[in-house]
Amino acid sequence: MLQKYRGIVLHTLKYNDRSNIAHIYTEQGGRMSFLFPAQRSRKSLVRQVLFQPLSLVEFEAEVRLRAGLHPIREAKAWQVFQSLPYDPFKSAIAMFLSEFLYRVLKEEGVNPPLFAYLIHSVQWLDACERSFANFHLVFLMRLSRFLGLYPNLDGYAEGCCFDLLNACFVSEPPAHGMFVFPDEASRIRNLMRMNYETMHLFGMNRMERNRCLDMFTEYYRLHLPDFPELKSLRVLQEIF
């Protein structure tokens, strides 16, 4: 049965000579997997260019009961980006975040607040003209709310460590050894206070920004099963 969907592209890969697979987080069904044609015909109703990292797509798919892959019959851009695919810095962020979301939203079902957050974030990044170097850090911190992983801010005081395993600030380094020292713990607290509109007020150099990114990915790795090394992480750190 044909059904209409809107979604954000997380990942694509080759299925066979005629088809590719697109993993898409949809508004109507959560994360789903679809088949779309690999050919580049101009007359095709489903074009490959629509399925770039974090693209917002609107499409019709033939949904088959108990099938893992659903053929897309027609697709178009839900929103045409103005800068995201063309700005090398934004493209690097999109590549990293799409890989990140592909790994963390493995079994994610319908979640309207999460979907709205993802769409708003992508639209904001596309529209932003400058001062977005901290975007991916703010995105990851705020994403943790929707996954039930947001750190506990209670009990913070100057000189506290941040316990990565128990997601809280502690006065003494925990025995398990998975923690962040006080100087970096205070930086995490600052990041929790940021949003997209205010993040440019928190200055960080390249080393500090990359260290925060390492801490965030380690935090997610501790709390999510089978979270792998991300191939796009080093590319992003090189650019920023």
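Guide: Welcome! Helices are DSSP runs of H or I with at least four residues, strands are DSSP runs of E with at least two, and both are numbered from the N terminus. This is a predicted model, in which local features need pLDDT of at least 70, side-chain atom pairs count only at pLDDT 80 or more, and totals for chains, interfaces and linings use all residues.

Visitor: How many helices and strands does the chain come to, then?

Guide: There are 6 helices and 8 strands. Read from the N terminus, the order is β-β-β-β-β-α-α-α-β-β-β-α-α-α.

Visitor: What makes the radius of gyration agree with a compact globule?

Guide: The radius is taken over C-alpha atoms, and the globule rule is 2.2 Å times the number of residues to the power 0.38. For 240 residues a compact globule would come out near 18 Å, and the chain has 19 Å, so the two agree. Along its principal axes, the C-alpha trace spans about 60 × 40 × 30 Å.

Visitor: Why is Leu 101 called buried?

Guide: Buried means under 20% relative accessible area, exposed means over 50%, and partly exposed lies in between (1.4 Å probe, protein chains only). Leu 101 has 1% relative accessibility, so Leu 101 counts as buried. Across the chain, buried residues make up 49% of the 240 residues.

Visitor: Which residues is Leu 101 in contact with, once neighbours within four places in sequence are left aside?

Guide: A contact means heavy atoms within 4.5 Å. By that test Leu 101, which sits in helix α1 (residues 88–104), touches Leu 10, Arg 31, Leu 54, Leu 118, Phe 139 and Leu 143. Take Leu 10: this residue is 91 residues from Leu 101 along the chain, yet their C-alpha atoms are separated by 6.5 Å. For the chain as a whole, 61% of the contacts between residues at least 6 apart in sequence join residues at least 24 apart.

Visitor: And Lys 14: buried or exposed, and how do you know?

Guide: Lys 14 has a relative accessible area of 59%, so Lys 14 is exposed. This lysine belongs to strand β1 (residues 2–14). With neighbours within four places in sequence set aside, Lys 14 is in contact with Ser 19 and Asn 20. Leu 137 is 123 residues from Lys 14 in sequence, and the two C-alpha atoms are 30 Å apart in space.

Visitor: What makes Gly 177 count as partly exposed?

Guide: The value for Gly 177 is 44% relative accessibility, and therefore the glycine counts as partly exposed. Its place is the loop between β7 (168–170) and β8 (179–180). Glu 197 is also partly exposed because its relative accessible area is 47%, and Glu 197 lies in the loop between α4 (182–192) and α5 (206–223).

Visitor: How do you know that the count of disulfides is what it is?

Guide: A disulfide is a pair of cysteine sulfur atoms within 2.5 Å, and by this rule the count comes to 0. Cys 161 is in no disulfide, as the nearest cysteine sulfur, that of Cys 160, is 7.5 Å away. For Cys 128, the closest cysteine sulfur is in Cys 212 at 19 Å, so the gap is too far for a bond.

Visitor: Are those two cysteines buried or exposed?

Guide: Cys 128 has a relative accessible area of 13%, so Cys 128 is buried. Cys 161, at 3% relative accessibility, counts as buried too.

Visitor: What is the phi of Ser 131 near?

Guide: Most residues other than glycine have a negative phi. Ser 131, however, has a positive phi near 60°. Ser 131 is found in the loop between α2 (112–127) and α3 (135–146), and counts as partly exposed because its relative accessibility is 45%.

Visitor: Where is Ala 167 placed, and why is Ala 167 called what it is, buried or exposed?

Guide: Ala 167 is in the loop between β6 (161–163) and β7. Its relative accessible area is 11%, so Ala 167 is buried. The phi of Ala 167 is near 55°, a positive value in a residue other than glycine.

Technical notes: Residues numbered from 1 in each chain as written. Heavy atoms only, no water.
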